[in-house]
Structure formats: structure tokens, C-alpha cells
Amino acid sequence: MRLAKRLHSAALRNRAFLGALLLFAVFYLVYHMLHPRGFSSAVLIQNTNESVAIVFVAMAQTLPVLTGGLDLSVGAVMTLTNCIASELLTGTPAEMLFGALLTLACGAAFGCVNGLIVVYGRIQPIITTLATGAVAIGLALLIRPRPGGEVDDDLSWAMTNTVFDFAETYGLAEGGEAAWLQPFAAIPVPLLIVLAVVLFIWLPFRNTQMGRTVYAVGSAEGAAYMSGLPVERAKIAAFTLAGLFAACAGLYLAIQTSSGNADVTQAGAYTLNSIAAVVLGGTSLYGGVGGAIGSLVGALILRVISFYFRILAIDPLLQPLIEGVVLLGAVSLGALRTLRVKNRLELFR
Amino acid sequence: MNITAKLTMAIAALAATSAAAFAGPEVVEGPGPEPECFAPWDESTKYLQWPAREGPYRIAVVNGFVGNTWRIQMIQTAKAFAQDPSVADKISEFKVVSTGTDAPAQLGAIEDFINQGFDAIVTIAVSPDGFDRVIRLADREDVVLVPFDNVLDTDKVMQVNEDQLEMGRTWARFVLKELEAQGKTSGKILEVRGLPGNSVDRDRSVGIHEVLDASGGDWEVVQVVGNWDDGTAQKVTADAIAVHERFDAIITQGGSTGVVQAMIDAGHPFVPVAGESENGFRKLIAEHADEGLKSISIGQSPGLVAIAMKAAISALEGNPMPQLISVPLPVATYDELEDGVNYWSDLPDNFFTVNEFPPCGVNISGPAIMAQTEEDVK
């Protein structure tokens, strides 16, 4: 009885997230049913590969939004780290590992600088990151004025396929044939990467005092400060983690395309899509409510809508219009509860 | 016996896996079919051959950026060409998607079409690099992948483009010829360049300078950056005219209408202009050629998509195809312009006039399909 009550209240608190999850599940199931090779490993690999970068950028955007800010540099940091990784991911396995860690460190450092400017410069996050985003693109162009790079081919193939292909490429677990590996053999590696980041970085962070402070700052910064919470450090941590997640996106993009590309338009598109994904996933733009897992689902919804254009015969020039209308519909679902509100004051919460 | 049997099986299995790994086109000797349409880039261009298969085929176009006239005209041409009697019965399913400037999305769309079992995928790459994975998958499934316009830095796939270097050379040769007719062997030339860092901009400019340097004349070339855009090109041309006062000729990579407009606005006398294939540019040439605007107009045609589709079908039929196909440059000089034929005085300035390639049987006029409604070309 008490369990049921607790579940009920948890569901109420996560209403927006559960709605997004349901929407995604429906979209994705129907997609697989319509796809000629639906429910196959090949389709799942393709879907995850396409989604990893936007999922990480959406998770990155979540943290500054939770504190009540907005980070306009996440797409640019992804592009910058993509270019850095395209220079570093070659040589021996040890060198590649070092290169990957260095890439992630660069992203985190860039995010940390964002946080320091916001906290100690007392400048609005949206303006700060607009400027630092331009700096990131400038650095990316400096590192890689022309698209290219020599990312290791085997690494690229192994990381963008199933666990079996990974084992086969590197001759692990008897070339992927080991009996104990078989239950996992068909799982895409990119899916595992995203899961690992969620389980080992996001969830532990959210449960620390620092993580809870990020939420507190977003709901009522004054109250958080008066309660003695480390408000400034929490903001810096939020931006640093955003930089780290954006670097995960850049690193994966480099592995996926085995190259780097300082593409300004792409950086802008990813930043805008990350904000859309955050909102779709149930995180409030006013801060304090939501989470990175919601944004992950939000990003997947964004992606799955465009999947449909490949299996249905829709006029190519009408596709952007349809995508926009479906998105608007999806966001509006989250606003349905306002129709049932008895006291209009509740709308201001 | 047992051991030898096992060994044979192992070798057979090994052969099977290596064959699977190296599937894809075979490098063969040319020439291929319809050389007037599918011309090899140069003598060193190799030929690729895929195993022939029964039609009709399933073909997809994966576009990246969408939102300018050129891309819209390209998509409309692709749709109209798929209905063309010469190929319609060879295509059983035809899909077009635009992914935006988003590399993972474009790669994902290509992979999705490979998964769906499409026979050929035609694409304008959003980046010249990064397609290794989809090329590997396409080869494994024997799918013909054809990048055109923005091509890839690889020789593993069949690609279709116009020779940008030759375009630059043709512009420069024309301008030199016109200046020579005026008795000039030296002077000042304005070069309006395209989008910086782009390989097309680089190649066109290299071609221009190659010819100018080889001419032996004393040419002072002033370079400005016009981004292939009318507004930008007009502004930078106006600035250049304000500073240098007088040029003997202008070579512009794009935004040609804006360049001529700037010349008119500044009261600069008409001089030979070499430029792109915008309808507005050709209208101005037709109007002012007598006053000295003796010009040449060469275009990167949205109709390239139709040639890429045609090449894909030819490859699926098992023909040996040049790895890099050079589409002839659609050239029109001031004395060849004819209203309603290669420019349209009643249509807006931003149409790209060249859309047809008669040697390839591509006879879809750009303005004609743009003037139609969505329903007509479906």
C-alpha cells in the first residue's frame, strides 16, 4: 500500500518525463513495425549511432538549464572537441586512450571556464556562452581549418558496431565467439557508452550534495544560498559537467566519422536541438525540475521523428514542416495539465 | 581425411569471409557506356564495376542542407527525373530526404537506406570526409553510393561533378580573349571569390590564376570575398570599385547579379564579366551586352542530381563506370543568350538557368519545374 503510494507520487513528480518516455516508446515501436528490417540489430546500431552525439549534447544542455541558465556553447564545444579528437585518436591503444581522456579533459576545462565567468564575472550564462561558443569555434577552425583527420579505422569500426564486432576487431573473447559473450553480442557499443556515462557520471553526480544543490539553485537560488548550500561551486560544477558531456559528443563524433570538421552550421544546429530535447524531456527552462535522462529521451524523440521520413513516402519539401508540427504537438502534450488547473496561481509554479 | 576435410572447410570459410569483407565494386578497364555523358575525369581515372542485377531499382537521394534555391531546384529535378520516361520503368521506389547540416543524421539516413535494401543512394555530402563507415557498409551490401556536387576525398566510390578547375580556366580564357579584342594585354582584374576554405572556391581560383599567369600579360588581380551570395558580392564589388576606381574585367565565382548591379550603381563603365549561371546575371548580360557587358556565364547545375541518378542506374546494370565522372560545363556567352531558351526574362533573378544536359538525355528545364506546383511534379 505504502509502496503503491510512493510509486504514485514518484510518477506524479516525473509526469513530464514519463510522458516523454511513453511518446518515444510509441514512436519507436511503430517505426520498427513499419521498417522492412525492423527489430533487427542492424537497424538498432544505425539508430544509436545517429543519436549518440545529439543525446550527449542534450545531456550537456540539461545541467546549465537545471540551474536556471542556458548554455549556447554546447554545440561549439562538441565541434571543438571533435577537432581535438581527430588529431589525437591515432597510434598505439595507449596513445588513443590518452588522446580520448585529453579530449574529455579539454571539454570539461572549457565548461569550467564558462562556469567561472558566469559565477565570478557575474555575467548572464546566455551571454557568456554566446561569446565562449564563438571562441570554441575559432579554436576548432585553428586546429582543423579543413575537414579531415586520421582517426584509427579499427577503433571507428569497433565502436560503431555491436559488442560482437568489437570483440572480433580486437580479438577479444575468442574473437567474439565466447559463450559468455553471446547474451550481449547483439548490443550496439554506442548504447553501452551512453549507458556507462549515465550510470557512472550522471546518476552519482545527481545524488551528491553538489548535484542536489544544482536543483536547489534552479528552484530558488536565494533560499539555497540562505541554507548555506555551495551555490557558486554548484554552478561551476554544472557548467564543467556540461563541457564534459559535450566533449563525449565530440569524441564520439570523431570516432564515428573518423575525422574532425569545424562545421559552424552544425554546431549551431546541435545547440538549438539540445534546447528542444531538454524541453521535450521534461526539464523546465526555469530550472530546478527535470534531469539528464529526460533530455536523453527528448533527443531520441527528435531523432525518431526524422527516421519516419525514410520509410514513409513524404514529399521532401514538406518534411521540415511536418517535423515542426509533430515537435510542437509533442511539446504541447506537456502543457495539457494546465487545462485541468483549478487555481490559476498554480500556473506560476 | 577428417583433418583435410576440416582444413578445406576452414579455408572455404576464410575465403567466404574475406570475399564478404572485400565485396563492392571491382576495378576494371574502361571505357564505359555513353562516354559523352559519363566522361572520365582524366586519363588516370579508374573504372568501377558492380555485379549486374535485375531492375527495377530502389533509389534514394540523401540531401544535406536545404533552404536555398539551388537545393530546392535540385530536389525538384530529382523528382521530375525519376518520372522521366527514359528511367521511370527502371525505378521501383524513389525517396528523397534532407537531413540538414548534420553529419550523424546524413550518415544515419544513408545507413538506414542500406538497411532497407535500397540499390543505390545518391548524396550531396555535408563533409568531404567521414564516410568510411557507410562506404564499408555499402560495399558489404553491394549498394551503389554516388556523391555529387560536394564530393568526398576518396576514390572508393563513384562520384559525379563538374570540373571546377576547368571552370576557372574557361572564365579566365574568355576574359583574356575579350580584352585582347580591345587591344589590352595588361590591366587590372577584379576576382570575386566564393566561400573561404571550400574546395570549390579553391579550385576555381587556382584555374583562373593558372590561365592568367600563363598568358604572359601584366595582370594585377584584386581579390575580394563574395561568398557566392548576391548581397555580399554586391557590397564587396562596390567597395573594390570605390578603392580602385576602374577595372578592365571582373571574374566572379557567384553572386554574379550583385556584382553587375554594383558596377551599374557605381557608374562603372561596362566591362567583360565572367560569372555563374543565375537568371538575373543572364538578364543583365542580354540587356547590356551592346554597351560592353560582354560576358560569359557557366553554372554548377542542380541537374547534376539527374546525372548522378542515371550513373547509379547504369552501374546497377553492370556497366563499367568511371570512378570520377566529369560532367561537361554548361557554358553560355553573351552572343548565345536567348530569352526563353537559356534565360527567362519573366522569372526571378535567383533561378539557376542551367538544368539540362542533352548528351545525357536530361532535358528538365529548371525554371519549368520551379514554376510548377508541388502537385504537378509528383
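A: The contact between the chains takes 33 residues from chain A and 28 residues from chain B. Two residues are in contact if their C-beta atoms, placed from the backbone, lie within 7 Å. This is a predicted model: local features need pLDDT of at least 70, side-chain atom pairs count only at pLDDT 80 or more, and totals for chains, interfaces and linings use all residues. Residues are numbered from 1 along each chain as its sequence is written, while chains are lettered from A and ligands numbered from 1 in the order in which they are written.

On the side of chain B that touches chain A, α2 (69-82), β5 (91-98), α4 (103-115) and α5 (132-140) of chain B each supply at least two residues. Helices (H or I, at least four residues) and strands (E, at least two) are DSSP runs, numbered from the N terminus. α4(B) gives the most to that side, with 9 residues.

α4(B) also lies across β4, β5 and β6 of chain B. Its direction is about 175° to β4(B); axes are lines fitted to C-alpha atoms, for helices over the stretch in contact, and angles run from 0 to 180 degrees between N-to-C directions.

Those strands belong to an open sheet of 4 strands, ordered β5-β4-β6-β7 (chain B), with parallel pairing. β5 and β7 (144-147) of chain B stand at the edges with a single partner strand each, so one side of each has no neighbour in the sheet. Strands pair if DSSP finds at least two bridges between them. β4(B) and β5(B) pair over 7 bridges, and B:Tyr57 stands opposite B:Ile91 in β5(B).
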